[in-house]
Amino acid sequence: MGIEEIKKQNEQIEKRTLMRQEIALLEDKTNVEKLKHFNLISKEREKEIRAIYFERYYKEKWELEIETIKDKFIDPKKIAGTRHPAYYEGTLFNSVNSLKKFDNILHYFRINPDYYISNESRNKHKKKLNLAYKKHEDKYYINGEGNNRFITSIALGLPKILINEITVYDESQEIKSILLWVRENGFQYEIEQEIKSIQDSNQIQLFFDDIYITINGIEKLIIFKEKYENLDVSNFKLKIYKFKSKFLNDYRNKYHYSDEITHLFHANYLKLRKHKLKNK
């Protein structure tokens with residue numbers, strides 16, 4: 001390394017040190033006030049930040065991953081929320097002022113203003129910029145790391161930022177319809193594994209009071225819905241059921257461990273009848 005290169009390097013180090021010191025002197029200021037101090041946002045932009053509501057990111061079971069997009073420019077104003085509890089369900093103004101690593105983000109942005117628009121400027125950063133995109137809402141969400149960087153980019157009002165990876169989700173209307181039906185009809189459900197398609201046979205646990213039923217997949221849940229809606233809860237049907245239970249050996253028990261929907265109704269008729277009558 002030549003003398004001129006060493007001199008240039010030392011000048012850069014000194015410049016960065018002074019920039020850090022300048023930010024450190026603003027320790028009694030809010031993060032938004034620091035942006036204003038360096039003329040990075042206007043008074044008008046501050047008003048906009050105060051008015052923007054930052055949502056909570058939550059992926060419903062009927063929102064399915066459909067594709068992954070690499071290296072795409074987006075408008076950061078379309079980032080609607082985050083899953084980080086420190087920053088959602090409040091104004092963007094509050095989210096910016098809550099950022100823990102803001103001074104570092106501000107420092108690196110002043111040194112490298114191309115960070116948000118160029119992969120070359122990010123090569124030294126192991127952590128890339130990744131988002132979730134809900135196609136049916138046309139909104140982006142922070143679903144992992146990078147809250148400090150993303151929220152700062154929104155506040156700055158940048159026209160575009162480069163996202164390294166976007167996971168795209170869309171609604172399955174069939175899955176949404178059946179799961180909402182479950183809720184509306186007094187059941188609760190648990191699905192541990194992520195649903196990838198309506199054909200998946202992931203276990204669905206239905207429960208309410210003393211009812212605990214395991215159904216293997218959305219398609220069988222749809223059949224359960226049809227059976228439940230057509231369930232005969234008349235006193236005549238009840239008498240027939242009780243007669244069979246009394247005179248036919250193990251009438252209920254032999255169906256208890258079956259995953260066939262018709263068998264589930266035989267094994268749980270009394271409980272399902274009581275539930276349907278209660279929720280009419």
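Strands S9 and S10 form a hairpin with 2 residues between them. In the turn, Asp-209 has a positive phi of about 50 degrees. Strands (E, at least two residues) and helices (H or I, at least four) are DSSP runs, numbered from the N terminus. The model is predicted: local features need pLDDT of at least 70, side-chain atom pairs count only at pLDDT 80 or more, and totals for chains, interfaces and linings use all residues. Residues are numbered from 1 along each chain as its sequence is written, and side-chain values use heavy atoms, with hydrogens and water left out.

Two strands count as paired if DSSP finds at least two bridges between them. In general, strands of a sheet pair through backbone hydrogen bonds, either parallel or antiparallel.

Strand S9 (residues 203-208) pairs with S10 over 6 bridges. Gln-203 stands opposite Asn-216 of S10. Phe-208 has Ile-211 of S10 as its bridge partner. S10 presents two faces: Ile-211, Ile-213 and Ile-215 are on the covered one, and Tyr-212, Thr-214 and Asn-216 are on the uncovered one.

Axes are lines fitted to C-alpha atoms, for helices over the stretch in contact, and angles run from 0 to 180 degrees between N-to-C directions. Contact means heavy atoms within 4.5 Å.

The axes of H8 and H11 come within 11 Å and cross at roughly 70 degrees. H8 is therefore roughly perpendicular to H11 (65 to 115 degrees; under 35 is roughly parallel, over 145 roughly antiparallel, the rest oblique). Phe-224, Tyr-228 and Glu-229 of H8 meet Leu-272, His-275 and Lys-276 of H11. These contact residues divide into 3 nonpolar, 1 polar and 2 charged. Here Ala, Val, Leu, Ile, Met, Phe, Trp, Tyr, Cys and Pro count as nonpolar, Asp, Glu, Lys and Arg as charged, and the others, Gly among them, as polar.

The criterion is a side-chain nitrogen of Lys or Arg within 4 Å of a carboxyl oxygen of Asp or Glu. By this rule the count comes to 14. Asp-103 bridges to Lys-34, with the closest N and O atoms 2.8 Å apart. The pair links distant parts of the chain: Asp-103 is in helix H5 (residues 102-111) and Lys-34 in helix H2 (residues 31-37), 69 residues apart. Asp-103 is partly exposed, at 30% relative accessibility, whereas Lys-34 is buried at 5%. Buried means under 20% relative accessible area, exposed over 50%, and partly exposed in between (1.4 Å probe, protein chains only).

Lys-36, Glu-46 and Arg-50 are linked in a network of salt bridges. Glu-46 and Lys-36 have their closest N and O atoms 2.8 Å apart. Glu-46 lies in helix H3 (residues 43-51) and Lys-36 in H2, so the pair ties together parts that are 10 residues apart in sequence. The bridge between Glu-46 and Arg-50 spans 3.2 Å, N to O. Both residues lie in H3, 4 residues apart, about one turn of the helix. Glu-46 is buried at 12%; Lys-36 is partly exposed at 31%, and Arg-50 is partly exposed at 46%.
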